[in-house]
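Subject: Structure handover and notes

Hello,

Here is the structure I promised you. Please open it and keep it on screen while you read my notes.

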Amino acid sequence: TFYASIDLSIVDKFGTKAEPMTGIFVPNGFVSGRSTDIILWLHGHKGDTNRRLTIDRYWNATRVPYGAFREGVNDSGRNIVLVAPTLGARSEAGNLVKAGGLDNFLAQVLGVLGQGVPSALGNLILACHSGGGLPMRRIAGGSDKALTNLRECWGFDCTYNSGDDSLWADWAKARP
């Protein structure tokens with residue numbers, strides 16, 4: 001696991017700037033190829049006592065049992081890198097959801113991985129839980145170049161926004 005300082009200029013609804021920390025997990029047995037497949041995971045809302053929780057603590061399975069995402073990727077045997085930025089207290093995503101934000105973010109992630117991992121993006125999967133659904137929706141509906149590599153969107157308990165059900169159904173129909 002690498003922790004990269006990637007500033008997404010996130011300020012949450014409480015006026016707190018989110019720590020510019022992105023977790024990048026490369027599973028055991030990862031084999032470098034011509035490109036790198038990525039799961040970009042967007043976490044849900046944080047409780048009031050955990051507003052400043054950073055991704056290194058959020059996905060720590062010892063501290064938060066449901067946060068065992070790295071372990072799941074490792075156990076899957078898939079040749080894929082898991083990437084998770086620290087979002088705001090209510091899953092605010094800052095520059096990540098702005099035009100060009102996804103491309104810029106992924107370029108920085110691939111740059112951090114550096115030697116031994118190709119800098120070309122392979123397949124992209126967006127995944128989220130709860131409040132991470134709104135940023136996932138905004139990213140998937142954007143126009144960044146990386147979206148040509150988007151293969152799947154995984155949402156868990158995240159369709160709270162008005163129109164989400166029809167939006168995702170239409171999105172899936174347009175991308176068979």
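How far is the sulfur of Cys-153 from the closest cysteine sulfur? The distance is 8.3 Å, to the sulfur of Cys-128, and that is too far for a bond. I come back to the cysteines below.

First, the ground rules. This is a predicted model, in which local features need pLDDT of at least 70 and side-chain atom pairs count only at pLDDT 80 or more, while totals for chains, interfaces and linings use all residues. Residues are numbered from 1 along each chain as its sequence is written, and side-chain values use heavy atoms, with hydrogens and water left out.

Cysteines

A disulfide is a covalent bond between the sulfur atoms of two cysteines. Here the term is applied to a pair of cysteine sulfur atoms within 2.5 Å. The structure holds 0 of them. Cys-128 is in no disulfide. Its nearest cysteine sulfur belongs to Cys-158, 3.6 Å away. Cys-128 is also buried, at 0% relative accessible area. Buried means under 20% relative accessible area, exposed means over 50%, and partly exposed lies in between (1.4 Å probe, protein chains only). Cys-153 has 22% relative accessibility, so this residue counts as partly exposed.

The aromatic cluster

Now find Trp-41, in strand β3. Strands (E, at least two residues) and helices (H or I, at least four) are DSSP runs, numbered from the N terminus. Trp-41 is buried, with a relative accessible area of 5%.

Rings of Phe, Tyr and Trp (its six-membered ring) pair if their centres lie within 6.5 Å. Planes under 30 degrees apart count as stacked, over 60 as edge-to-face, and the rest as tilted. The count comes to 3 aromatic pairs. One of them joins Trp-41 and Tyr-58. This pair is tilted, with 5.7 Å centre to centre and 50 degrees between the planes. Trp-41 lies in β3 and Tyr-58 in helix α1 (residues 55-58), so the pair ties together parts that are 17 residues apart in sequence. Both residues are buried.

Trp-41 also pairs with Phe-69. That pair is tilted too: 4.1 Å centre to centre, 40 degrees between the planes. Phe-69 sits in helix α2 (residues 69-76), 28 residues from Trp-41, and the pair links distant parts of the chain. Phe-69 counts as partly exposed, at 26% relative accessibility. Together, ring pairs link Trp-41, Tyr-58 and Phe-69 into a cluster.

Trp-41 has other contacts (heavy atoms within 4.5 Å). Leaving out residues up to four places away in sequence, Trp-41 touches Ile-55, Leu-82, Ala-127 and Cys-128, among others.

Which residues of helix α3 are buried? They are Gly-101, Leu-102, Phe-105, Leu-106, Val-109, Leu-110 and Leu-113. They cover an arc of only 155 degrees around the axis, which puts them on the same side of α3. The arc is that of the directions from the helix axis to the C-beta atoms. An α-helix has 3.6 residues a turn, so residues three or four places apart point the same way. The buried residues of α3 pack against β1 (2-4), β2 (22-25), β3, β4 (81-85), β5 and α4. After α3 comes Gly-114, with a positive phi near 60 degrees.

Next is helix α4 (residues 133-140), whose buried residues are Gly-133, Pro-135, Met-136, Ile-139 and Ala-140. Seen down the axis, they fall within an arc of 165 degrees, so they line one face of α4. They pack against β3 (36-42), α3 (101-113), β5 (121-129), β6 (150-156) and α5 (164-174).

Two serines

Ser-91 has a positive phi near 65 degrees and is not a glycine. Look for Ser-91 in the loop between β4 and α3. Ser-91 is buried, at 2% relative accessible area. Ser-130 is not a glycine either, yet has a positive phi of about 55 degrees. Ser-130 lies in the loop between β5 and α4. This serine is buried, with a relative accessible area of 14%.

Best wishes
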